[in-house]
Amino acid sequence: MDIRVDTVRKEFSHYPALNDVSLDIRSGELIALLGPSGSGKTTLLRLIAGLEMPTAGRIYFGDEDASSKTVQERNVGFVFQAYALFRNMTVLDNISFGLSVRPRATRPPKAEIRRRALELLDLVQLTGLEKRYPQQLSGGQRQRVALARALAIEPRVLLLDEPFGALDAQVRKELRKWLREIHDRTGHTTVFVTHDQEEALELADRLVVMSQGKIEQVGTPDEVYDKPNGPFVFSFIGESSSMPVTVENHEIWVGGRAIGLPAPHDAIGEAVLFFRPHDVELVEDGSGAALAGVVAASRRVGGTRRVELEVGGNPNRVEIDLPFDHPAGEKTRIAFRPKRWRVYPKG
Amino acid sequence: MFEPEVVYDSRRVIPPADHARPTTERPWVRRLLIAIAIAFMALVLVLPLVLVFTEAFRKGADAYFASFSDRQSQQAIYLTLLVAAIAVPLNLVFGVAAAWCVAKYEFWGKSFLTTLIDLPFSVSPVVSGMVYVLLFGAQSALHPLLKAYNIEIIFAVPGIVLATIFVTFPFIARELIPLMQDQGNTDEEAALSLGATGWQTFARVTLPNIKWGLLYGVLLCNARAMGEFGAVSVVSGHIRGKTTTMPLDIEILYNEYNFTAAFAVASLLALLALVTLVFKTILEFRFGDELAGTRRH
């Protein structure tokens, strides 16, 4: 089911939570809404579900205008952040709920409901736990039940609000892989909200990066990571270092020195240079133009050593990664050049 | 020479009293506080209760049970049960509806409504009775209309029911509001997203979530409905055999120096209180976490 969000605006007591957002979601796609808290990602998800109604704009499910439809009519599978399992019902009753509340005309017979619920329980790998109550399950198991419950109504689209937010790192990784598998098997159009960029990059076909009620960039993980379209996306997705620079004569200058990086044609004047700390090459001092700085601090991060450099007396330090056995110590002078970088106009 | 006194010995054994947690009192303080509490409770709670039963049985069990064969006392018991049977279910519906509104929706004037729900707690019951007399009594503007349709409210059963409903209104709503606020909306949203109608959501998700809190509120509401004196006294008119409830009947009997009968009826009310207390304790013990958060009455 294609979903089209058309210039949707949502205000909560005159505070705009979403500002004229448009988005096309393709059928069968697994898409992540990614952004810091307050960016409007959950609001967008709830608008698609029909749990909120837009102040302005329309939402289409396929060719059908779903904007004024209620959440019941939209037939979406929604998985809540805190699971929202019905605590007075067993796992089986939770999963059966969506089918058992259907009007008599479309409600499957009891045995059929049970059969389908057990099938879903099997899909989420919880066979044998149908008689348990939600309190008797672990966080990861509850999340699986919540997903099975949402899938039971054969939704047109699956919406997940921070599905792994409340789980510990280990379980989270496992469930991530497993959600991808379920998605590939069932083929549902799936939208999930997360503030964890690693999760979004690993799991999603496409990412929607949001900030302050607006969409900053939409693209595949590669596009968003390698070609961020602005300073926000660059610094939000992945590790980044940035420093103020000047652009002149199609070159980038720091403190009156060209640093050997060509600038895009259109940019000129004050700008900000962004690069990834791990994506730099070290340059022998004196051999060509480069950025040079003095090590102000260093720490070990996994297999590399991350150092903070003071470049050109600039108090804003930049970070780069060195091999962990690099001999650099405090006050050592290091010259480097980013291998890949972006320059964005200042402000 | 060594002077061991000045060497700070870190292994010095500190007496347990100094070790005690900062929030724990010394034993003698603790015992004193407990003694005061027990003495106070014995004096103002247990002693009167015991007295009610001793007075009721002073002339023997026969006299005690004979008190209940009095037609007027039977009528008072009947009326009390009737009033509670009307007031409690109505307040159940009102209370759930009010709690639902306050807990699940944002709307203009919400805090005013919350204050209004508490009003019966802060107004003297006598005053609430007076309000109904002013509203429906012989001096009111409504009176001719009521008279034309032969509707009697003041000095009749409807007035007693109204006054009781007013006085007991907050019990259920007050119990449910914090509970429902605590539980939030997500369970309901989940049910709706799965296609349930509003009514199905209420019956199958909301109600089970609040059932113990609701029962608790009903118990308190019922105890108050049966025991209410002030408001009912004003609107009832004390017509014996017609508009006296148990508390009013007790007063009349007592004023007539019929102590055995007065205390016999009083013992019924006291028993009701004890039964309520037992149920309340069981509920708190068993379902404490499903009542209003961790709050206890």
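This is a predicted model: local features need pLDDT of at least 70, side-chain atom pairs count only at pLDDT 80 or more; totals for chains, interfaces and linings use all residues.

Colleague: Which element of chain B has the lowest mean pLDDT?
Modeller: The pLDDT is the predictor's confidence in each residue, from 0 to 100, and chain B averages 86, with 90% of the residues scoring at least 70. Helices (H or I, at least four residues) and strands (E, at least two) are DSSP runs, numbered from the N terminus. Among the elements of chain B, helix 9 (residues 186-193) has the highest mean, 94, and the lowest, 56, belongs to helix 1 (residues 16-19) of chain B.

Colleague: How many helices and strands does chain B have, and how many does chain A have?
Modeller: Chain B has 13 helices and 0 strands, and of its 297 residues 40% count as buried (under 20% relative accessible area, with exposed over 50% and partly exposed in between, for a 1.4 Å probe and protein chains only). Of the 347 residues of chain A, 50% count as buried, and its C-alpha atoms fill a box of roughly 80 × 45 × 35 Å along the principal axes. Chain A has 9 helices and 20 strands.

Colleague: In the open sheet of 4 strands in chain A, which strands stand at the edges, and why is one side of each left without a neighbour?
Modeller: The 4 strands of this sheet follow the order 2-1-4-5 with antiparallel pairing, where two strands pair if DSSP finds at least two bridges between them. Strand 4 (residues 56-61) is joined to strand 5 of chain A by 2 bridges, and A:Tyr60 stands opposite A:Asp65 in strand 5. Because each edge strand has a single partner, one side of each lacks a neighbour in the sheet, and these edge strands are strand 2 (15-25) and strand 5 (64-65) of chain A.

Colleague: Is A:Gly140 buried or exposed, and which residues is A:Gly140 in contact with?
Modeller: A:Gly140 is found in helix 5 (residues 139-152) of chain A and is buried, with a relative accessible area of 9%. Leaving aside neighbours within four places in sequence, its contacts (heavy atoms within 4.5 Å) are A:Leu167, A:Val171 and A:Leu175.

Colleague: What volume does the largest cavity have?
Modeller: On a 1 Å grid over the protein atoms alone, a cavity is a set of points where a 1.4 Å probe fits but cannot get out, and lining residues have an atom within 4 Å of a point. The structure holds 3 cavities of 30 Å³ or more, and residues lining the largest include B:Thr80, B:Ile160 and B:Glu228. A volume is the space filled by probe spheres set on the points, which are joined across faces, edges and corners, and for the largest cavity the volume is about 40 Å³.

Technical notes:
Residues are numbered from 1 along each chain as its sequence is written. Chains are lettered from A and ligands numbered from 1 in the order in which they are written. Side-chain values use heavy atoms; hydrogens and water are left out. On a 1 Å grid over the protein atoms alone, a cavity is a set of points where a 1.4 Å probe fits but cannot get out, and a pocket is an open set with protein on both sides within 12 Å along at least five of seven lines; lining residues have an atom within 4 Å of a point.
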